[in-house]
Amino acid sequence: MRTGTIPRVLGTAAALAALLTTALAAPAVAERSTTPGRSPVQAAAPANFTHPGVLVSRPQLDFVRGRVQAGAQPWKSAYDQMMGSKYASLTRTAKPRAVVECGSYSNPNNGCTDEREDAIAAYTLSLAWYITQDARYAQKAIQIMDAWSAVIKDHTNSNAPLQTGWAGSSWPRAAEIIKYTYSSWPGSGRFGTMLRDVYLPEVTNGSHSNGNWELSMTEAAIGIAVFLEDRAAYDKAVGKFRGRVPAYIYVTADGSLPKVAPGSGLDTRAKVINYWQGQSTFMDGLSQETCRDLTHTGYGLSAISHIAETSRIQGQDLYPEIADRLRHAMGLHAKHQLGTPVPSSLCGGSLKDNLGPVTEVGFNALANRLGHAMTNTQTLTERQRPAGSNNLFVAWETLTHANNPA
């Protein structure tokens, strides 16, 4: 078997471990912003793209590889979980189709699950390649990506935008790792054409459906833009993000009502309350979908974290712009998922479902890197380790982002 090679610095794991110790020892800042109501200065777009640079960077991957090789926890158990999953199988056969048809709640489901899971498998195998340096995993990831890029032409039916967003979030993560760390991928150009022609047009203009739709679509758009090195698509995705996040998570500085996304048409109090699932009492961290259920809220918070993480890798750190909203949202929902009684003023005193394995990326960025106190989010995150996959667009984030200082 051909084995690709990558540069290695022997001291990388030790140095990053030292950085981690310093970060975790730093004093936490107060829960509230010191300048309530004032937005952070917006970060400028980067001049050049960084690769691999969708959700995970080379320094982050090097840190993970070092921790796994050292048998350190929680990374080793997270790695074992990933490698024991169906997504890491070297015998997987891709199931591409020309048209993926997905109705509401994937009914009908004509290729929806197959596409999402093949995309997650490609990402899983790319992580397995980087950590093990076993070329078989890279070649299997390539086989899956090539199978889809040779066939798919369109997504149809009512859930097409969301389906495209979910699968389109996972594909660029895999493609970035393989293209920029493995020795050869002849089909990378055709894969890029697939992303540009089939996926990007479906997600780039966003959606005025529930916020998790547009956030997942925007996550796909920014990842695709990085892989394609498409500056216009990248900037458009960042613009969508900046308009949607304040309309998805409420903070008291917003005033008596949540903000609305540009072009939403929510021009009365009644329309806004209806859009927020009938919730008329607003509090720090409330999500537009909190009173729908925590699972869909988790999709939105996860996509927010992923977009911000990719932007940070690219040199345009969006976390400071949304940190206050995201930390309050994660904290509020984590607190009640952990068992704190829900007041009658919040969704009539009852919350449904749970967030899922979605807190690692945001928690690592906000608590470990930026120093925000996030006790409830930390408790929930650590309790859920190792975080697995939601089988839609989230996968293995304890492995990739737990206490990762890179």
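Predicted model: local features only at pLDDT ≥ 70, side-chain atom pairs only at ≥ 80, totals over all residues.
Let me begin with the surface: the protein exposes about 15,000 Å², and carbon and sulfur atoms supply 51% of that area, where accessible areas come from the Shrake-Rupley method with a 1.4 Å probe and, for residues, only the protein chains shown count as cover. Residues are numbered from 1 along each chain as its sequence is written, and side-chain values use heavy atoms, with hydrogens and water left out.

Turning to the overall build, the secondary structure comes to 15 helices and five strands; helices (H or I, at least four residues) and strands (E, at least two) are DSSP runs, numbered from the N terminus. For 406 residues, a compact globule would have a radius of gyration near 22 Å, and the protein, with 20 Å, agrees with that; the radius is taken over C-alpha atoms, and the globule rule is 2.2 Å times the number of residues to the power 0.38. The C-alpha atoms fill a box of roughly 60 × 50 × 40 Å along the principal axes.

Of the 406 residues, 58% are buried, and here buried means under 20% relative accessible area, exposed over 50%, and partly exposed in between, with a 1.4 Å probe and protein chains only. If we take contacts with a separation of 6 or more, residues 24 or more positions apart account for 79% of them, a contact being heavy atoms within 4.5 Å.

Now to the sheet, which is open and made of three strands in the order E4-E3-E5, with mixed pairing. Its edge strands are E4 (109–110) and E5 (154–156), each of which pairs on one side only; two strands pair if DSSP finds at least two bridges between them. E3 and E4 pair in the antiparallel sense over two bridges, and Glu101 has Asn110 in E4 as its bridge partner. E3 and E5, by contrast, run parallel and are joined by three bridges, with Val99 standing opposite Asp154 in E5.

Let me finish with the loops. Gly84 sits in the loop between helix H3 (75–83) and strand E3 (99–102), and Gly84 counts as exposed because its relative accessible area is 63%. Two peptide bonds deserve a mention: the one joining His51 and Pro52 is cis, with omega about -15°, and the one from Gln73 to Pro74 is cis, with omega near 10°. Pro52 lies in the loop between helix H1 (12–25) and strand E1 (53–54), and Pro74 in the loop between helix H2 (58–69) and H3.

Gln133, in the loop between helix H4 (112–132) and helix H5 (135–149), has a positive phi near 60°, and Gln133 is buried, with a relative accessible area of 12%. Asn391, in the loop between helix H14 (375–383) and helix H15 (397–401), has a positive phi near 65°, and Asn391 is partly exposed, with a relative accessible area of 33%.
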